[in-house]
Amino acid sequence: MRWWPRSIRWQMLGGLLLLESLSIGLFALLLVQQQRQELNQIARRRLEYEASSLALQTHEAMIEDRPAWIANSVKTVADSPTVEVAKITDPMGKVLFLSRGDASTAVLLPVELTELPVLKQRGAACLTLARNVIECAQAIVKGGDLRGYAWVVRNNSWAHEQLVSLFGDTTIFGIVWIAASALLVVLMSRSIAQPLALLHHGAGELTESFENSGSFPLPVTVNNEIGDLIETFNSMVASLAEQRSGLSDTLSLLDSMLANAPIGLAFLDRGPRFVRVNQVFADLTGVPLSRHLGRTLPELLPQPVAGEIEKAVQRVFMTEEAVHNLELNGEKPLSAASRLGGAWTWLASAYPVRTTPQQVRWVGVIVLDATERKRSEEALRKSEKLAVTGRLAASIAHEINNPLEGVTNLLFLLRNYSDLSEMACNYVSMAENEVHRIAEITQQTLRFYRQSTLPARTTMSELLDSVLSLYQSRMNAMNLRVERDYDPEMDLFCFAGEIRQVFANLVGNSIDATRDGARLLVRVRRSHNWKNPSENGVRIAVADTGAGMPPEVRKRIFEAFFTTKDETGTGLGLWVSYEILMKHRGLVHVRSRTADPGCPGRSPGTVFQIFLPDGPALGNGAGGREQA
Ligand SMILES: Nc1ncnc2c1ncn2[C@@H]1O[C@H](COP(=O)(O)OP(=O)(O)OP(=O)(O)O)[C@@H](O)[C@H]1O
Ligand SMILES: [Mg+2]
């Protein structure tokens, strides 16, 4: 209803006006109707009375034979406010006297003429001439003879005036009544509409911004049910504000936990689609945080990882129980920026997130990057194996030494035996040579695994030879040409075992990077620190003509666990080597290039240059750590 007003005040006023107008109008109508009937009856009775009174007076005037009295009576009756016309006719209907106009020319109406027989029979009758025009007639009888009729016509304007006056009074009463009620309604509606408008305004402000709703608490201006409502509303808003502040504290806590937790967190709906993730999770997937929302797992993660997480999430939705420590392994890096090759491992747990005790709304997924942990476990396993193998090799070498000494002595005795032919002497010296070689191998093996706890002067050639001889068989198999360029007498003050470990890794890396027929150069020179020329020491170069490294690999080679060798490498070799070199206050410089198909003349390869200072400072600065 568009036309119906929206405000309570105007609705009440409109309703009241409509209702009261209708009821007063109806009341007036009924009143007028009733009044009209009553007036009709009164008028009829009065007409009958006037007609019989005129007939009586005419009868008397006839007895006295005074026609003037008759004319006078006719006029007097016609002067009555309820009478319009009065007239006297003879029994045949001829008009004898008329209150107004000329009686000689006047004639009875056809209705009146048809009424004459009735009148003659009854003596009196009332008839309707037209709508609301009533006429009463009375027979005039003198000495038993019918002498005529007295006719009286009703004055309608009198009744009309009566009704108009009644209607006017009713209307004035109605207006006064309606005005008084309207005033009452306006006063009453003020006490309802005003506080309600205030409440409406306050609630509107609240909806727009809870924090900036300055109207609260709302003033309680009325002392009725609406006043009570405002008071209840005020206390409701106060408790809501309290709850909100608690809630926002909790939310900020959760937000900061989500943002700063060092683990990947993601929440998924029944889709399952991402509804929220934290930055660490986005870093793990390698997809920007904003691109996760609304996406499914296979859209963002490679298979089979996505499938496994999806299965776990669905299981949590079905069983409503958490799934713990699911190990996920990926083959390919998810983002070139985040990782550069090799396998990675995640540990994932999924748990139900309930919004009500009955309903699991989301599933939270916690993801931990366990790649480094797994690699370090593997590295530890490997190094333990190596250590065991080393100890075994050393003990075998040690055990071989004793019988070897016996064999050497026996060969010496045999050589001095005079009965030996020249041929036999040759065999003995060949056997001596082989035994000597065995002795050398055992000595080197023992030297390699014997760790010194204090720095000492070490002959560099011996150290490097022992490393190279370790790889000799591999190098032979690969047809790798080794160029040794060092002074056999040059020595250095260092932890020999550790420096040997550095070169073993450098040489091992070079062999890994080379193919058949490549070259390996090991060069040692007395030199100066290239950053501080006053410092003396040795410069060692290990150079190969292997595959070389692209810049993005070269940048990361000293990082722990960085490897391009997948299962065969731990990525710890250069990291440990760097630590050892730093302990010796050494320097390292790497140059490397890969083959360029556009430039066939350019050969690939890698050069590691190392500077090791030669001086007693090493013993003071790092000896403690070595012992620990
Ligand atoms: N001479 C080289 N030529 C080409 N690449 C090399 C060379 N030396 C090192 N690298 C690269 O540097 C990476 C790291 O070497 P590092 O010695 O630290 O680990 P690794 O050899 O992979 O494993 P580990 O030494 O533990 O067996 C290697 O995976 C390889 O990609
Ligand atoms: Mg290595």
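This is a predicted model: local features need pLDDT of at least 70, side-chain atom pairs count only at pLDDT 80 or more; totals for chains, interfaces and linings use all residues.

Reader: What do N505 and N509 coordinate?

Author: For a metal site, look for donor atoms within 2.8 Å of the metal. Here the magnesium ion (ligand 2) is coordinated by the OD1 atoms of N505 and N509, at 2.2 to 2.5 Å. Water is not among the atoms, so the site may look incomplete.

Reader: Are N505 and N509 buried or exposed?

Author: Residues count as buried when their relative accessible area is under 20%. Both N505 and N509 are buried.

Reader: Now for the other ligand. Which residues are the closest to ligand 1?

Author: Ligand 1 is surrounded by 20 residues, and the closest are T563, T564, K565, T570 and L574. For polar contacts, check distances between N or O atoms. The side chain of T570 has an N or O atom 2.3 Å from an oxygen atom of ligand 1, and for the side chain of K565 that distance is 2.6 Å. L574 uses its backbone instead, with an N or O atom 2.8 Å from a ligand 1 oxygen. On its own, ligand 1 has 600 Å² of accessible area, and the protein covers 91% of that.

Reader: Which helix gives the largest share of the shell around ligand 1?

Author: Helix 13 again, with four residues. Helix 15 (573-583) and strand 17 (605-613) each supply at least two. Ligand 1 takes up the space of the largest pocket.

Terms used. Residues are numbered from 1 along each chain as its sequence is written. Chains are lettered from A and ligands numbered from 1 in the order in which they are written. Side-chain values use heavy atoms; hydrogens and water are left out. Donors are N, O and S atoms within 2.8 Å of the metal (3.2 Å for Na, K and Ca); water is not among the atoms, so sites may look incomplete. Buried means under 20% relative accessible area, exposed over 50%, partly exposed in between (1.4 Å probe, protein chains only). A residue is near a molecule or strand if one of its heavy atoms lies within 4 Å of it. A polar contact is a pair of N or O atoms within 3.5 Å; within protein, one must be able to donate a hydrogen and the other to accept it, and residues adjacent in sequence count only if both atoms are side-chain atoms. Accessible areas come from the Shrake-Rupley method with a 1.4 Å probe; for residues, only the protein chains shown count as cover. On a 1 Å grid over the protein atoms alone, a cavity is a set of points where a 1.4 Å probe fits but cannot get out, and a pocket is an open set with protein on both sides within 12 Å along at least five of seven lines; lining residues have an atom within 4 Å of a point. A molecule sits in a cavity or pocket if more than half of its atoms lie within 2 Å of its grid points.
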